[in-house]
Amino acid sequence: MTGDHQVMIGNTLLGRGFPILVQTMYDEAMPHDEADLEALVRRIGKLNAMGCDIIRFSYPDSSDHDALAYVSKHSPIPVVADIHFDYQLALDAIACGVQKIRINPGNIGSRKKVDEVVRSALDHGVAIRIGLNSGSLPRGNDPIPKLMSDTALEYLDWFEQLGFTNSVVSLKASDVDMTLAANRLFASQSDYPLHLGVTEAGSVVSAVTRSTWALGQLLSEGIGNTLRISITGDIETEVQAGVELLRTLGLRRKGIRIVSCPRCGRHSFDSQGFLKSVESELLTIDKDLTVAIMGCQVNGPGEAKAADLAITGIGNSIFLYEKGILVRKVSKEEAKDALLEAIEHAE
Ligand code: SF4
């Protein structure tokens, strides 16, 4: 079964029995200016507070060397360099101090060159993700899921012959059924950890729907040790979606679980606007709490009673609930501060 084999990424362990890790990939070119790099490290800190465990950067060219070295040194979470086409860049990224590289051994050079990368990763204690996409496989007559799984197994075997076992595998396709089949097949034949994802999944709605459908099934079957929800959109949204998926499956407990009504014409409290104003703060709070934000008395008091904390409209007024008990009336203006203060004091 997948994941019994443990992999070390910086100080973080990946494998069965360890938390399933959420990843994202930085969506801009690496900044070079010092102030911008400091801002980037602060942004990674915020992503980490939202529940992101690993961040990946593309490394298309060694002019990013100093920037990647800076981020690898100062990031609060492990940094992964994504390498294509040039094994020298993989060696250079390892020299930058990254904790993991992501390569497709089929596209970064000859066997000798890949050997050099693997030996360097071994010497520096760096993990490798063997990242295979359905669009970039060696040729063969087998169905694509089998070709993906077999290719990954061959690469793992090759790396093991070099004494390297700190590998994670990803088998991604934009086709959900293909992703499911490839990962199930691999998991039935190997205990190396799997990084899950559906690639090129589109903007928020299609990406989250497709990824949740596929990854939810695999995780429920015990397959997968780390994941990325790829979205053509904000990386913060990728992290939020990944954390929410794990929380929905009962695989992660920390963080605020938000219960909010969609709002309708009956509302006396604007649950939509209020959630928008407070959501980014709620997402970075590391307490295991359920917070309800409700528009009116139809479902408000009921959800408020079931939540640790709640803000709900009732009649023409807005009320704060703590542990299911109505504690006070608040004005529209003070609702946000009242909720955040109550969260701060909550156990
Ligand atoms: Fe509408 Fe009230 Fe239900 Fe919110 S709780 S969706 S405002 S009926």
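Domain bounds here come from an automatic or database domain assignment. On that basis, the chain is divided into domain 1 (7-248) and domain 2 (256-345). The model is a predicted one.

**Domains**

- The C-alpha centres of domain 1 and domain 2 are 37 Å apart.
- Contact between the two involves 5 residues of domain 1 and 6 residues of domain 2.

**Nonpolar cores**

- The largest nonpolar core has 77 residues, and Phe57, Leu68, Ile101, Ile128 and Phe159 are those that touch the most other members.
- Beyond its neighbours within four places in sequence, Ile128 is in contact with Lys100, Ile101, Ile103, Val118, Ala121, Phe159, Phe164, Asn166, Ser167 and Val168.
- Another core, of 21 residues, lies apart from the largest one, and its members include Phe269, Phe274, Ile318 and Val330.

**Largest pocket**

- The largest pocket holds about 330 Å³ of space.
- Its lining is made up of 21 residues, and Asn48, Gly51, Arg252, Lys254 and Asp286 lie nearest the centre.
- Two or more residues of this lining come from each of the elements α1 (34-50), α8 (235-248) and α9 (271-283).
- The element that gives the most is α1, with 3 residues.
- By type, the lining of the largest pocket consists of 12 nonpolar, 4 polar and 5 charged residues.
- Domain 1 (7-248) and domain 2 (256-345) each supply at least three residues to the lining of the largest pocket.

**Second largest pocket**

- The volume of the second largest pocket is about 220 Å³.
- It is lined by 13 residues, of which Arg56, Thr199, Glu200, Arg228 and Ser230 are the closest to its centre.
- The lining of the second largest pocket comprises 2 nonpolar, 5 polar and 6 charged residues.

**Positive phi angles**

- Phe85 is not a glycine, yet it has a positive phi of about 75°.
- Phe85 sits in the loop between β5 (79-82) and α3 (87-96).
- The relative accessible area of Phe85 is 66%, so this residue counts as exposed, the cut-off being over 50%.
- Arg263, also not a glycine, has a positive phi of about 85°.
- Arg263 is located in the loop between β11 (256-260) and α9.
- Arg263 is classed as partly exposed because its relative accessibility is 33%, which falls between the limits of 20% and 50%.

Notes: Residues numbered from 1 in each chain as written. Predicted model: local features only at pLDDT ≥ 70, side-chain atom pairs only at ≥ 80, totals over all residues. Heavy atoms only, no water. Core = buried A, V, L, I, M, F, W, Y, C linked by side-chain atoms within 4.5 Å. Buried < 20%, exposed > 50% of the residue type's maximum accessible area, 1.4 Å probe, protein only. Contact = heavy atoms within 4.5 Å. 1 Å grid on protein atoms, 1.4 Å probe; cavity = no way out; pocket = protein on both sides within 12 Å on 5 of 7 lines; lining within 4 Å. Points joined across faces, edges and corners; volume = space filled by probe spheres on them. Helix = DSSP H or I, 4+ residues; strand = E, 2+ residues; numbered from the N terminus. Nonpolar A, V, L, I, M, F, W, Y, C, P; charged D, E, K, R; others polar.
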